[in-house]
Amino acid sequence: KHKFWETQPVGQFKDVGDTSLTEGPIEPPTPLSEVKQEPYNLPNPYEWTICDMDSEEMCNEVYTLLKNNYVEDDENMFRFNYSKEFLRWALRPPGYYRSWHIGVRVKASKKLVAFITGIPARIRVRDTVVKMAEVNFLCVHKKLRSKRLAPVLIKEVTRRVHLENIWQAAYTAGVVLPTPITTCQYWHRSLNPKKLIDVGFSRLGARMTMSRTIKLYRLPDSTVTPGFRKMELRDVPAVTRLLRNYLSQFVVAPDFDEDDVQHWLLPTENVVDSYLVESPENHEITDFCSFYTLPSSILGSQTYSTLKAAYSYYNVSTKTPLLQLMNDVLIVAKKKDFDVFNALDVMQNESFLKELKFGPGDGQLHYYLYNYRLRNALKPSELGLVLL
Ligand code: NHW
Ligand code: EN5
């Protein structure tokens, strides 16, 4: 079955349940002098390129490759359409490496036909903080599929990560590979039910009319929590403390410092939105919530070209009930004209999904670690990590 993945230091299906295997790195680091110095060979028509996301032109090429060839749902009705501003944000966090933004071009035409990226991250697994790469945006042009290019891209990003003396990685996928640390369910909260039904994203429920459905999902015009406001630069230290403390309860979670929080959570127009609750009495920051903007192209519709989706990111409640906090963020997302609010069943999200009228989607998201074994798979609620 998995001719490539069988050769990699990842948990193998045959090892599931083997209690003699202990937790931690699967293979030790090799001396840097033993890391291959030259890129892996590509089939002759292709060449490696670094995609410089500072360059307007290269950012455009990456955007176009992904817009036309990246992830679709299982019925090919929708395709992720990450914006250029989003890609710049996602790929240039503190300490990023330009050399980890890897493209493949056709030598003759210079057309960009494949892509893979890594960004550095510190991920805590139980009590251990591990330097990792987060690998994302693996994409091979539709016309070049099933030619075993993906394993070459994965080996090349692995080599360049090793050159920085990093030996572990985290990644997610909609497909099952050897072997998930956990499998999460996507949930969807309709904000614009008429459009979602018109484009086939959702269906009119049994014994439901359009007007009853619209009424069911209606939200108030304004948020209800006193002290609820947008996050600002001055909030970075308080939000970092709040978030670090909250994430400490999960088995796998990012180890965010203030620079990470400033990058990943300070609001960036049309990319990431963050809100917090500042106590009207003592000005303490007690609660926090955030979502990122990831539209999808609608592949079949005559009427609509894009679905505006918000994705739940990191949320922390200490004083405001999580249910009320998330209801306020739904109100904000509706006001900003999102069609749907999506969330995974990670962290404490189960506690609000059903009550706030989210429904389970037809997609799952599997989480993986490279060269790090967990003794057992986790429950989604033990996971404190959201990848983009
Ligand atoms: S998941 C999104 C992945 N992208 C898409 O789904 C876009 C649309 N599809 C495509 O572009 C988020 C192609 O179908 C792709 C595969 C490129 C997916 N992850 O070239 P072949 C991420 O970006 C294996 C890992 O013939 P293809 C995370 C497959 O199992 N492996 O296929 C990325 C098979 O291996 P096997 C995947 O359809 C994480 C082999 O590829 C995979 O033309 C990457 C077939 O290759 C996936 N999503 O191209 C791993 N999909 O052993 C990072 C298929 O089963 C690991 N495959 O025979 C860590 C590295 C860093 C380590 C550092 C220490
Ligand atoms: C990670 N960085 O399948 C990238 N999305 O449910 C890789 N379904 O939107 C991750 N098929 O259920 C890839 N509507 C994995 C995700 C790939 C994309 C994907 C799913 C997630 C999705 C929608 C549309 C289905 C269209 C037909 C879906 C139902 C919504 C309904 C709303 C009302 C309440 C019940 C649910």
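Begin by selecting Tyr-370, which sits in strand β17, residues 359-370, where strands (E, at least two residues) and helices (H or I, at least four) are DSSP runs numbered from the N terminus. This is a predicted model, in which local features need pLDDT of at least 70 and side-chain atom pairs count only at pLDDT 80 or more, while totals for chains, interfaces and linings use all residues. Residues are numbered from 1 along each chain as its sequence is written, and chains are lettered from A and ligands numbered from 1 in the order in which they are written.

Is Tyr-370 buried or exposed? Tyr-370 is buried because 20 other C-beta atoms lie within 10 Å (20 or more counts as buried, 12 or fewer as exposed, and in between as partly exposed, with C-beta atoms placed from the backbone). Beyond the neighbours within four places in sequence, Tyr-370 is in contact with Pro-9, Val-10, Gln-168 and Ala-169, contact being C-beta atoms within 7 Å.

Next, show ligand 2. Among the 21 residues around ligand 2, those that come nearest are Gly-174, Tyr-186, Gly-359, Gly-361 and Gly-363, a residue being near if its C-beta atom, placed from the backbone, lies within 6 Å. Two or more residues of this shell come from each of β6 (168-173), β7 (182-190) and β17, and β17 provides the largest share, five residues. At least three residues of the shell come from each of domain 1 (5-174) and domain 2 (183-382), bounds that come from an automatic or database domain assignment.

Now colour the two domains separately. Their C-alpha centres lie 26 Å apart, and 41 residues of domain 1 are in contact with 38 residues of domain 2. On the domain 1 side, the elements giving two or more residues are β2 (78-80), α2, β4 (112-125), β5 (128-140) and β6, with β6 giving the most, six residues.

Finally, select helix α1 (residues 56-69) and helix α2 (residues 84-91), whose axes come within 10 Å and cross at roughly 105°; the axes are lines fitted to C-alpha atoms over the stretch in contact, and angles run from 0 to 180 degrees between N-to-C directions. The pair α1 and α2 is therefore roughly perpendicular (65 to 115 degrees; under 35 is roughly parallel, over 145 roughly antiparallel, and the rest oblique). Here Cys-59, Asn-60, Val-62 and Tyr-63 of α1 meet Lys-84, Leu-87 and Arg-88 of α2.

Terms used: Two residues are in contact if their C-beta atoms, placed from the backbone, lie within 7 Å.
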